[in-house]
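Here are my notes on the model, point by point. Please read them with the structure open.

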Amino acid sequence: MVGGMAQDGDMHVPTDFTLRTTRLLLRAFTPQDAQRVFEIRSDFEVTRMLVFPAYPPVLEHVAAWLREHAVEWRAGTAYRFAVVADGRVIGCADVDGIEDGCGELGYWLERDHWGRGLASEAADAVHDFANRTLGLRRLVAGHAADNPASGRILVRLGFRWIEDRTIWYRSRQALVPRRYYVFDGNEKA
């Protein structure tokens with residue numbers, strides 16, 4: 001296996017695979033993380049920036065979402081990493097929607113960890129994982145237009161803006177302007 005790619009072209013990333021940065025450990029989520037994820041998503045300021053989760057969260061729905069991760073991981077369609085700082089889950093960084101050499105990068109952190117460069121650090125690690133380990137040629141990403149800090153992270157990672165669209169955010173129960181970005185090939189600065 002070279003760079004995570006098996007000879008037959010299939011991706012085989014073990015579920016105990018981890019990423020390490022200067023300050024973070026990124027590991028696969030476990031069912032034991034449900035309560036912590038529920039706590040983070042109970043902060044509307046976090047969840048309002050996410051398209052799909054409901055607000056307020058329901059613990060059973062969070063647990064079901066976490067159970068799906070192992071299935072997606074084994075299928076190679078999504079790799080969702082728990083972002084851990086000082087031994088505590090503080091958020092998520094992932095690449096999902098993987099198909100035909102493309103995927104979507106996403107990330108979110110609890111509010112207590114905003115403004116410290118940790119989202120950038122986690123996103124950079126998963127971006128490198130998507131490129132180097134998975135060999136994805138193209139990544140897309142997006143953020144609510146009222147979250148410009150997320151856009152600055154994407155630009156630093158070498159993404160370029162492609163369009164704005166208004167889409168339904170389940171968390172806000174409203175249509176929200178969303179900015180979309182793309183990263184093609186090895187554009188990272």
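1. Arg 36 is buried, at a relative accessible area of 11%. Buried here means under 20% relative accessible area, exposed over 50%, and partly exposed in between (1.4 Å probe, protein chains only). Arg 36 forms a salt bridge with Glu 39, with 3.2 Å between the closest N and O atoms. A salt bridge is a side-chain nitrogen of Lys or Arg within 4 Å of a carboxyl oxygen of Asp or Glu. Both residues sit in helix 1, three residues apart, about one turn of the helix. Glu 39 is partly exposed, at 37% relative accessibility.

2. A word on the basis of these notes. The model is predicted: local features need pLDDT of at least 70, side-chain atom pairs count only at pLDDT 80 or more, and totals for chains, interfaces and linings use all residues. Residues are numbered from 1 along each chain as its sequence is written, and side-chain values use heavy atoms, with hydrogens and water left out. Helices (H or I, at least four residues) and strands (E, at least two) are DSSP runs, numbered from the N terminus.

3. Helix 1 spans residues 34-41, and its buried residues are Ala 34, Arg 36, Val 37, Ile 40 and Arg 41. Viewed down the helix axis, these residues fall within an arc of 165 degrees, so they line one face of helix 1. The arc is that of the directions from the helix axis to the C-beta atoms. The buried residues of helix 1 pack against helix 2 (44-47), helix 3 (59-75), strand 4 (88-99) and strand 5. Contact means heavy atoms within 4.5 Å.

4. Arg 41 deserves a look. Arg 41 is buried yet has no salt bridge. The nearest side chain of opposite charge, Asp 94, is 7.6 Å away. Lys and Arg count as positive, Asp and Glu as negative; His and the chain ends are not counted. Leaving aside neighbours within four places in sequence, Arg 41 touches Thr 47, Leu 50, Pro 53, Tyr 55, Pro 57, Trp 65 and Trp 108.

5. How many salt bridges does a search of the whole structure find? The count is 15. One of them joins Arg 48 and Asp 146, at 2.8 Å from N to O. This pair links distant parts of the chain, 98 residues apart: Arg 48 is in the loop between helix 2 and helix 3, and Asp 146 in the loop between strand 6 (138-144) and helix 5 (148-156). Arg 48 is buried, with a relative accessible area of 17%. Asp 146 is partly exposed, at 37%.

6. Arg 179 and Asp 164 form another salt bridge, with the closest N and O atoms 2.7 Å apart. The pair joins strand 8 (residues 174-184), which holds Arg 179, to strand 7 (residues 160-169), which holds Asp 164; the two are 15 residues apart. Arg 179 is partly exposed at 26%. Asp 164 is partly exposed at 44%. Elsewhere, salt bridges with shared partners join Glu 45, Arg 48, Asp 146 and Arg 172 into one network.

7. The whole structure holds eight aromatic pairs. Rings of Phe, Tyr and Trp (its six-membered ring) pair if their centres lie within 6.5 Å; planes under 30 degrees apart count as stacked, over 60 as edge-to-face and the rest as tilted. Phe 29 and Trp 65 form a tilted pair, 6.0 Å centre to centre with 55 degrees between the planes. Phe 29 lies in the loop between strand 2 (25-28) and helix 1 and Trp 65 in helix 3, so the pair ties together parts 36 residues apart in sequence. Both Phe 29 and Trp 65 are buried.

8. Tyr 79 and Phe 129 pair edge-to-face, at 5.4 Å between centres and 75 degrees between planes. Tyr 79 is in strand 3 (residues 79-85) and Phe 129 in helix 4, 50 residues apart. Both Tyr 79 and Phe 129 are buried. Ring pairs link Phe 17, Trp 73, Tyr 79, Phe 81 and Phe 129 into a cluster.

9. Ala 78 sits in the loop between helix 3 and strand 3. Ala 78 is buried, at 1% relative accessibility. Leaving aside neighbours within four places in sequence, Ala 78 contacts Glu 72, Trp 73, Val 95, Asp 96 and Ile 98.
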